[in-house]
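Subject: Structure handover and what was found in it

Dear colleague,

Please find below the structure I promised to pass on to you. I would be glad if you looked through it with the notes that follow beside you.

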Amino acid sequence: MSIEPAAYDALQALFIGFAFAGLLASAFELFTTQRADFRLLQAGGLVAVASVPVVVFSAPFLILRNTVRGRRIEGRPFIFVMLASMIASLWSMASGRVVLDLLHILGGA
């Protein structure tokens, strides 16, 4: 069984995107003792501008965390969870591709 190179690249970007999102959100929570959330953008001023990269790259983790909590606490329908997971996966693939490209540039490859 072999896998197409394009499919391998897509899976690699997906996994790296989710891993980096979780790492970034957890590091943010560790260093600021504040939970990473989309509400960081509503703070206004310099805080909102500084939190844009954090929210953009940790968004797949934030979407899934909020979706799982919403399903458990509010009993949201399964279709909502499925759609949110698809959005988080696509976002993860895009941000993972950016992270992989940056790693290639930094590595000189």
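What follows is a description of the chain as a whole, then of its helices and their packing, and then of some individual residues.

Please keep in mind throughout that this is a predicted model. Along its principal axes, the C-alpha trace spans about 45 × 35 × 20 Å. Of the 109 residues, 28% count as buried, and among the contacts between residues at least 6 apart in sequence, 67% join residues that are at least 24 apart.

The UniProt record, which is an unreviewed entry, lists residues 7-28, 40-64 and 76-94 under "transmembrane region". In the model, the span 7-28 is 100% helix and 0% strand, and the C-alpha atoms at its ends lie 31 Å apart. For the span 40-64 the figures are 80% helix and 0% strand, with 17 Å between the C-alpha atoms at its ends.

Helix H1

Helix H1 covers residues 5-32. With its 28 residues, H1 reaches 40 Å from its first C-alpha to its last, which is close to the 40 Å expected at 1.5 Å a residue. After H1 comes threonine 33, whose phi is positive, near 50°. Which residues of H1 are buried? They are Ala13, Leu14, Gly17, Ala21, Gly22, Ala25 and Phe28, and these buried residues pack against H3 and against helix H2, which runs over 45-74.

How the helices pack

Two packed helices are described by the angle between their axes and the distance between those axes. For H1 and H3, the latter made of residues 78-107, the axes come within 6 Å and cross at roughly 95°. Since crossing angles of 65 to 115 degrees count as roughly perpendicular, H1 and H3 are therefore roughly perpendicular to each other. On the H1 side, the contact is made by Asp9, Ala10, Gln12, Ala13, Leu14, Ile16, Gly17, Phe18 and Phe20, while H3 contributes Ala88, Ser89, Ser92, Met93, Ser95, Gly96, Arg97, Val99 and Leu100. Divided by class, the contact of H1 with H3 holds ten nonpolar, six polar and two charged residues.

For H1 and H2, the axes come within 8 Å and cross at roughly 105°, and H1 and H2 are therefore likewise roughly perpendicular to each other. Here Phe18, Phe20, Ala21, Gly22, Leu24, Ala25, Phe28 and Glu29 of H1 meet Pro53, Val54, Phe57, Ser58, Pro60, Phe61, Leu64 and Arg65 of H2. The residues of the contact of H1 with H2 divide into twelve nonpolar, two polar and two charged.

Individual residues of H2

Serine 58, which is found in helix H2, is buried, with a relative accessible area of 0%. Once its neighbours within four places in sequence are left aside, serine 58 is in contact with Ala21, Leu24 and Ala25; of these partners, Ala21 and Ala25 are among the buried residues of H1.

Valine 52 and leucine 40 are twelve residues apart in sequence, and their C-alpha atoms are 8.2 Å apart in space.

Isoleucine 63 is a further residue found in helix H2, and isoleucine 63 is buried, with a relative accessible area of 15%. Not counting residues up to four places away in sequence, isoleucine 63 touches Phe38, Ala84, Ile87, Ala88 and Trp91. Between isoleucine 63 and phenylalanine 38 there are 9.2 Å from C-alpha to C-alpha, although the two are 25 residues apart in sequence. Another of the residues touched by isoleucine 63, Ala88, also takes part in the contact of H3 with H1.

Definitions and conventions: Residues numbered from 1 in each chain as written. Predicted model: local features only at pLDDT ≥ 70, side-chain atom pairs only at ≥ 80, totals over all residues. Heavy atoms only, no water. Axes fitted to C-alpha atoms, helices over the stretch in contact; angles between N-to-C directions. Helix = DSSP H or I, 4+ residues; strand = E, 2+ residues; numbered from the N terminus. Parallel < 35°, antiparallel > 145°, perpendicular 65-115°, else oblique. Contact = heavy atoms within 4.5 Å. Nonpolar A, V, L, I, M, F, W, Y, C, P; charged D, E, K, R; others polar. UniProt positions renumbered as here; feature names shortened; annotations may be inferred. Expected span 1.5 Å × (residues − 1). Buried < 20%, exposed > 50% of the residue type's maximum accessible area, 1.4 Å probe, protein only.
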